Amino acid sequence: MSTFDALRAQLRDAAVTFADGPDALDEILLGMVDDVDRAMRERLEIFPVCHHSPASALAMARRLREKQPRVIYLELCEDMAPLLTELRNCRLPVAVQAFASEVDGFPPDWAPLSVVAPITEASAEYQAIAYALDTPGVELVLVDRSADHVFQWEELRLQRSDDQSGERQEEAALHGDAVGVELGDLRPRFVELEEHLLRHGKVRHWSEWWHQYVEGPLGDSDHDTYRQVMFLIGSLFRRLAPGDPLRVRIDEDRERYMWTRIREHLAAGETAPEDCLYVCGAFHAASQVAEFGLDGTDTFEISPRSGSTWQYGLIPSSHAAIEAQFGLAPGSVSIAATEWEKNLKRTRTTAFQLTGQVGGKRRRKPPALPDPAPPTTPADQLTGFLQRPPVLDTLDEAELLSWSVNVVHAARRNGYLASTADAIAVFETSIMLAGMRDRAKPTPYDFQDAAITCIEKDVVPGRRDVRRIVETMLGGDRIGQVGYDALPPLARDVHDRLAPLNLALQRRGVQRALLDIASNPELETCSDLLWMLRYLLPQGAARPIMGQRQLGERPIQESWDLALGTHQRALIELGYEGVSVEQVLEQRLRRSAYDSRATAASVLATVEDALLYLRSGRLAAELGTRALEVLAAERSADGAPEVLRRTRRLLAFYRTSEPTLPSWIEQFVKVGYAHYCTLLPTAFTDEHTSVRQVAAMLGFLFDMESLALSLGCDRTQLELAVSQSHPEDPAAVALSWAAKVQLGQLSRAELRARCDKLLGNPLVLPAYPQYLSGFVQALEPVPSLVRFVVEAVSHAFARLPDHVLLPWLPTLITTVKAGGAELAPLLTREADRIFPGRLADLDAWVPPWSDDAPAPAPAPARRRQGVALLSRHPATCDALAGLLGCDGTWDDGDAAGLDLLDRHPATATALTELLSR
């Protein structure tokens with residue numbers, strides 16, 4: 001005779017009555033009873049739980065004191081076991097994390113891989129962990145698949161699935177995009193079933209249904225009743241979950257995995273199954289796989305792990321992060337934590353807590369465990385539970401009244417115009433809503449709906465709405481914190497090195513740090529570390545308020561806003577990549593430089609960062625050599641503006657800080673000169689290459705010309721490249737003209753004539769702004785053309801009639817703004833120098849390039865006696881003569897030799913012309 005034969009007979013009769021025959025419901029109803037019977041008859045006691053359930057946690061605490069098992073098998077990733085001892089150094093909730101930044105055996109775009117398992121104090125798994133770790137002689141064994149197998153099986157699921165769109169979504173902020181694993185995922189996967197339960201239960205979401213119909217009835221039940229009801233719920237959801245067959249296959253493989261590990265551990269030890277306890281989700285407890293139980297018939301072959309290197313640690317979690325990641329209703333985890341505290345007081349149950357738990361209740365001495373209860377034969381408690389009418393809790397008016405008063409006070413603090421009348425309305429509405437939903441005692445969800453109805457207005461006056469105010473009042477979003485001793489070495493090193501700032505860096509929120517480096521030079525190391533953290537951590541973790549970091553400069557005073565406690569998870573994950581911040585930064589710079597998508601500009605950025613943050617010439621030389629290789633392989637000018645800007649900056653830094661230039665940057669200039677000369681003719685005619693990019697190429701060639709020529713480059717190559725360029729775009733044509741002027745292939749007079757010809761052609765006038773845009777871009781490689789550009793714009797305004805100029809003016813402004821906004825200040829300064837400063841002088845002003853401009857005043861006759869300056873201060877001339885190896889004496893000052901300047905005036909004339917531009 002089976003324990004549940006009577007229940008089977010009743011369910012068979014019910015199937016006949018409600019379905020006009022036993023065939024429709026017989027398989028489901030009797031199968032559920034078979035699942036319960038099978039789980040209850042298993043020699044190894046199975047303890048079914050639901051994640052973050054106060055009822056499960058309370059039943060677990062009671063059972064551990066009664067049974068006192070010697071071995072606890074826990075459904076949690078087996079490779080996370082070493083971290084559990086560090087939970088005592090953390091303020092819950094926290095999440096156990098497995099992290100792999102470099103993957104081997106998985107798609108590269110999956111990196112980094114992350115798995116988190118959040119743990120709260122009001123959870124059955126924490127009760128099991130605390131009991132096992134603090135009780136001598138008790139062993140805790142994690143039996144679920146490893147983090148590596150989580151992604152192995154996910155990859156198999158994606159390969160077998162036709163729909164490739166259901167990949168991992170971005171989750172809560174504290175957990176990032178990690179894949180969540182939890183103990184006891186108990187929720188119906190049959191959408192119609194969930195909708196049916198919510199509709200007939202008169203609740204809004206699943207968390208409220210579970211609180212009303214499971215948490216409450218099971219709160220005071222005995223052990224056998226609790227187990228049988230949880231087995232039944234797990235079996236119901238499992239049998240009514242057609243869902244994704246691949247997901248069901250993964251669930252079954254997890255069950256095979258866990259039972260395989262349990263049998264292996266029991267076979268290797270001497271512990272009897274009667275002294276063990278298996279804690280798993282109720283969904284997995286009602287398993288139908290052949291490997292189920294210690295007497296399972298089949299064996300499951302566990303695949304080896306991949307070659308990925310996994311790092312493990314603890315990261316802070318929160319109730320909101322858990323709710324967001326696992327699809328729970330907002331505030332449900334906070335309400336569960338409040339119910340946990342109330343259940344402990346009501347039942348006078350002593351919960352287990354790790355010794356020295358940060359943020360836990362202080363206890364003088366852990367209570368002694370009673371003698372283990374003798375084993376008993378389980379009876380059929382399920383039939384009586386199902387036949388028992390619901391017990392209506394009596395209304396706790398004092399509790400509801402305190403909630404109503406407190407929510408009004410909190411609403412007033414947040415800007416709501418709430419009053420005593422609103423508190424009365426919330427009180428009465430809560431009772432009314434509970435009555436409409438067939439319950440005598442309002443639940444926290446009823447109270448929340450009543451508060452929103454009575455207090456919420458059209459506009460939220462403060463930062464929090466009423467829903468959030470109620471959640472905070474009933475427990476709030478508790479945010480965990482990982483203690484110093486549980487941090488990875490890198491995070492502890494960061495806290496140690498920032499200790500001179502005298503800040504509580506583990507505290508959440510923003511703290512201001514003031515660094516007077518000039519008075520306290522030892523703070524410079526803190527400054528260096530903060531700049532590296534700003535580079536590595538998310539925005540807001542370390543934000544400079546005053547001060548900047550530039551090549552060749554030393555800090556004097558700085559001010560920082562630090563929020564390392566808020567971004568503790570990011571700091572911990574940084575510790576997975578190395579043992580020091582410098583090592584991690586070097587690795588990231590190398591990874592960026594050697595990435596397959598790296599460009600010359602991006603590699604030069606890593607060179608600059610290596611000098612800026614690490615001050616490492618060795619690393620800069622290595623990355624600079626890599627930049628040289630990438631530049632030589634590029635076939636476009638996309639990154640030319642960035643390459644020009646960074647090369648100028650690096651050359652200026654090395655010329656002021658080093659006696660000689662590093663060999664890598666000399667080779668970079670040499671190769672870049674030849675490379676851009678080769679690309680120049682094609683870039684001028686390529687429609688995908690902008691004028692700004694071509695101007696940057698010319699800027700590199702003209703700026704680096706002297707250095708390149710000294711290194712062996714040939715200027716003829718540049719001249720040929722410009723001569724072979726035949727652009728058709730107006731802006732590119734103007735840019736080529738400017739390049740020819742710089743090379744001496746075109747005079748300024750010829751350039752003026754070409755522009756005058758353009759202004760005189762009505763067909764070309766609509767395109768003239770594009771020519772001007774090209775001239776503006778030409779200021780990058782040929783800044784000496786700034787006066788000519790001002791002249792060209794002035795000619796256009798002077799010669800064009802109003803009916804042509806006015807429609808053309810917006811096009812000119814937008815073209816110049818879009819194509820050369822950063823060069824506009826050059827034009828503005830030159831125009832300010834040329835044009836009169838007062839409006840009254842404008843009518844009489846004559847442009848200096850006009851034919852009517854007055855000739856410059858003749859230079860005064862040279863007074864030969866003025867040359868006596870050289871004879872009065874002969875040191876410079878004597879030094880130059882000695883350098884050239886010349887001997888001679890000073891004459892009396894008649895300076896007959898000064899006729900040399902009259903006979904050879906070319907040098908002085910060229911210098912005068914250059915200075916007059």
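**Figure 1. Helix H26 is largely enclosed by the rest of the structure, because 11 of its 13 residues are buried.** In this predicted model, H26 spans residues 691-703. The distance from its first C-alpha to its last is 18 Å, close to the 18 Å expected at 1.5 Å a residue. Its buried residues are Val-691, Gln-693, Val-694, Ala-695, Ala-696, Met-697, Leu-698, Gly-699, Phe-700, Leu-701 and Phe-702. The cover over these residues includes helix H24 (640-657) and helix H25 (663-685), as well as helix H27 (705-710), helix H28 (715-723), helix H29 (730-743) and helix H31 (768-777).

Figure 2. Helix H14 (residues 397-413) has 17 residues. From first C-alpha to last, H14 reaches 24 Å, close to the 24 Å expected at 1.5 Å a residue. Buried in H14 are Glu-399, Leu-400, Trp-403, Ser-404, Val-407, Val-408, Ala-410 and Ala-411. An α-helix has 3.6 residues a turn, so residues three or four places apart point the same way. The buried residues of H14 pack against helix H12 (332-347), helix H15 (420-436), helix H16 (444-455) and helix H17 (466-473). Exposed on the other side of H14 are Glu-397, Ala-398, Arg-412 and Arg-413. After H14 comes Gly-415, which has a positive phi, near 100°.

**Figure 3. Three strands form an open antiparallel sheet in the order S11-S13-S12.** Strand S11 (511-516) and strand S12 (542-546) are the edge strands, and each pairs on one side only. On average, neighbouring strands of this sheet are turned by 25° against each other, direction ignored. Strands of a sheet pair through backbone hydrogen bonds, either parallel or antiparallel. The antiparallel pairing of S11 with strand S13 (residues 557-562) comprises 6 bridges. Leu-514 has Ser-559, in S13, as its bridge partner. Helix H19 (residues 524-536) lies across S11, S12 and S13, and runs at about 45° to S13.

**Figure 4. Leu-812 is a buried residue of helix H33.** The helix covers residues 802-820. Leu-812 has a relative accessible area of 7%, and a residue counts as buried under 20%. Leaving aside residues up to four places away in sequence, Leu-812 touches Pro-769, Leu-772 and Phe-797. Pro-766 is 46 residues from Leu-812 along the chain, and their C-alpha atoms are separated by 9.7 Å.

**Figure 5. Gly-281 is a buried residue of strand S8.** This strand consists of residues 276-281. The relative accessible area of Gly-281 is 2%. Gly-281 and Phe-231 are 50 residues apart in sequence, while their C-alpha atoms are 9.4 Å apart in space.

**Figure 6. The whole protein contains 38 helices and 13 strands.** Of its 917 residues, 50% count as buried. Among contacts between residues at least 6 apart in sequence, 76% join residues at least 24 apart. The accessible surface of the protein is about 45200 Å², and carbon and sulfur atoms account for 53% of this area.

How values were computed:
Residues numbered from 1 in each chain as written. Predicted model: local features only at pLDDT ≥ 70, side-chain atom pairs only at ≥ 80, totals over all residues. Heavy atoms only, no water. Pairing = 2+ DSSP bridges. Helix = DSSP H or I, 4+ residues; strand = E, 2+ residues; numbered from the N terminus. Axes fitted to C-alpha atoms, helices over the stretch in contact; angles between N-to-C directions. Contact = heavy atoms within 4.5 Å. Expected span 1.5 Å × (residues − 1). Buried < 20%, exposed > 50% of the residue type's maximum accessible area, 1.4 Å probe, protein only. Areas by Shrake-Rupley, 256 points an atom, 1.4 Å probe, with all protein chains shown as cover.
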